[in-house]
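Student: I have a structure to study. Could you take me through some of its contacts?

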Amino acid sequence: MAEWIAGIDIGGTKIAAGLVDAKGTLYRRLSIPTLAERGAETSLEKVFAAIEQILNQCPSPDRVIGIGLGAPGPVHVATGRVVNPPNLPGWHDVPLKKLVEERFSLPAR
């Protein structure tokens, strides 16, 4: 049975999400607007929505082993905190890794 990984790329205009198997083969992908101009709370909710949507497309949700996150910098990689990206207004010291792990009960990097 395959293991799955969700990958999320957060940008100032869109959030791209993908679901890959453990070999890196792309199974599903989607893109939604970030709505960054509406502030940190809205754009963070859009990140969560993208993760939820891509996880809901997994054929074996119980086999998802983690979530990979890409965010504009600066980012403190060791802690998973987004420091102050110029294209995400209001994202000041956001503990993205922690928030994603708590919300989805999966390891995030």
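Predicted model: local features only at pLDDT ≥ 70, side-chain atom pairs only at ≥ 80, totals over all residues.

Student: How many aromatic pairs does the structure hold?

Tutor: Rings of Phe, Tyr and Trp pair if their centres lie within 6.5 Å. By that rule, the number of aromatic pairs here is two.

Student: Are the rings of Trp 4 and Tyr 27 stacked, edge-to-face or tilted?

Tutor: Their centres are 5.0 Å apart, with 55° between the planes. Stacked needs under 30 degrees, and edge-to-face needs over 60. So the rest applies. The pair is tilted.

Student: How far apart in sequence are the parts that this pair ties together?

Tutor: Trp 4 lies in strand β1, residues 4-10. Tyr 27 lies in strand β3, residues 26-33. The pair therefore ties together parts separated in sequence by 23 residues.

Student: Is Trp 4 buried or exposed?

Tutor: Buried means under 20% relative accessible area. Trp 4 has 7%, so it counts as buried. Tyr 27, at 32%, is partly exposed. For Trp 4, the answer is buried.

Student: Which residue has its charged end over the ring of Tyr 27?

Tutor: Look at the centre of the Tyr 27 ring. A charged end sits over it, 4.5 Å away. It belongs to Arg 28.

Student: How are helices α1 and α2 oriented to each other?

Tutor: Helix α1 covers residues 40-56, and helix α2 covers residues 96-104. Their axes are 12 Å apart, at an angle of about 45°. Roughly parallel needs under 35 degrees, and roughly perpendicular runs from 65 to 115. The two helices are therefore oblique.

Student: What is the handedness of the crossing where α1 passes α2?

Tutor: Residues in this contact include Phe 48 of α1 and Leu 99 of α2. The crossing is right-handed.

Conventions
Residues numbered from 1 in each chain as written. Heavy atoms only, no water. Phe/Tyr/Trp six-rings, centres within 6.5 Å; stacked < 30°, edge-to-face > 60°. Helix = DSSP H or I, 4+ residues; strand = E, 2+ residues; numbered from the N terminus. Buried < 20%, exposed > 50% of the residue type's maximum accessible area, 1.4 Å probe, protein only. Lys NZ or Arg CZ within 6 Å of the ring centre and 35° of its normal. Axes fitted to C-alpha atoms, helices over the stretch in contact; angles between N-to-C directions. Parallel < 35°, antiparallel > 145°, perpendicular 65-115°, else oblique. Left-handed = near helix turned anticlockwise from the far one by under 90°. Contact = heavy atoms within 4.5 Å.
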